[in-house]
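Here are my notes on the chain, point by point. Please read them beside the coordinates.

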Amino acid sequence: MTTIRCDIVSAEQELFSGSVQMVVVTGEMGELGIAPQHAPLITRIKPGYVRVMLEGGTQQEFYVSGGILEVQPQLVSVLADTAVRAADLDEAKAKLAKEEAERVLANRSEAMEIAEAQTKLAEAMAQLQALERLRKNLKH
């Protein structure tokens with residue numbers, strides 16, 4: 001078997017469903033490459049990119065804000081809190097969110113606000129990294 005089915009879904013919509021040669025995602029312990037016949041696995045995923053390699057060598061990239069990765073013998077499921085095609089990310093909005101989170105962290109307000117700001121900062125940084133990866137891939 002040279003492909004495995006992959007579904008990428010969020011609470012709002014299904015973003016991708018199809019046969020792929022490999023799925024790359026950042027789990028709690030680091031980057032994972034899931035290929036056909038991978039061992040079953042369930043792990044949380046960090047905010048960042050998900051890359052799917054399609055038959056024929058083309059790739060698609062997505063940004064996820066976190067969620068769960070489930071690997072079964074015939075299926076890889078990325079169940080994301082929020083998911084967006086990398087090409088659809090808004091760089092200006094991500095930079096604004098990053099700056100706002102950094103401002104809240106610099107002011108050292110309530111503990112709950114700090115935790116929320118840290119989460120927003122991580123998500124904004126992951127979006128900006130996904131955009132940078134997309135730009136690099138387009139140049140090649």
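1. Surface first. The chain exposes about 8,100 Å², and carbon and sulfur atoms supply 52% of that area. Accessible areas follow the Shrake-Rupley method with a 1.4 Å probe, and for residues only the protein chains shown count as cover.

2. Ground rules. This is a predicted model: local features need pLDDT of at least 70, side-chain atom pairs count only at pLDDT 80 or more, and totals for chains, interfaces and linings use all residues. Residues are numbered from 1 along each chain as its sequence is written, and side-chain values use heavy atoms, leaving out hydrogens and water.

3. Architecture. The chain has two helices and eight strands. From the N terminus on, the order is β-β-β-β-β-β-β-β-α-α. Helices (H or I, at least four residues) and strands (E, at least two) are DSSP runs, numbered from the N terminus.

4. Of the 140 residues, 40% count as buried. Buried means under 20% relative accessible area, exposed over 50%, and partly exposed in between (1.4 Å probe, protein chains only). Among contacts with a separation of 6 or more, 52% come from residues 24 or more positions apart; a contact means heavy atoms within 4.5 Å.

5. A hairpin. Strands S2 (residues 14–27) and S3 (residues 30–34) pair in the antiparallel sense over five bridges. Pairing requires at least two DSSP bridges between the strands. Two residues sit between S2 and S3 in this hairpin. Val 25 has Leu 32 in S3 as its bridge partner.

6. Salt bridges. How many does a search of the whole structure find? Two. The criterion is a side-chain nitrogen of Lys or Arg within 4 Å of a carboxyl oxygen of Asp or Glu.

7. Arg 44 with Glu 28. Their side chains meet at 3.0 Å, N to O. Arg 44 lies in strand S4 (residues 41–54) and Glu 28 in the loop between S2 and S3, so the pair ties together parts 16 residues apart in sequence. Arg 44 is exposed at 51%; Glu 28 is partly exposed at 39%.

8. Asp 7 with Arg 5. This salt bridge spans 3.2 Å, N to O. Asp 7 is buried, at 14% relative accessibility. Arg 5 is partly exposed, at 40%.

9. A nonpolar patch. Ile 42, Ile 68 and Leu 79 form it on the surface, with about 260 Å² of accessible area together. Patch residues have over 30% relative accessible area and no salt bridge; like charges are joined within 9 Å, nonpolar side chains (Val, Leu, Ile, Met, Phe, Trp, Tyr) within 5 Å. Leu 79 belongs to strand S7 (residues 75–80) and is partly exposed, at 39%.
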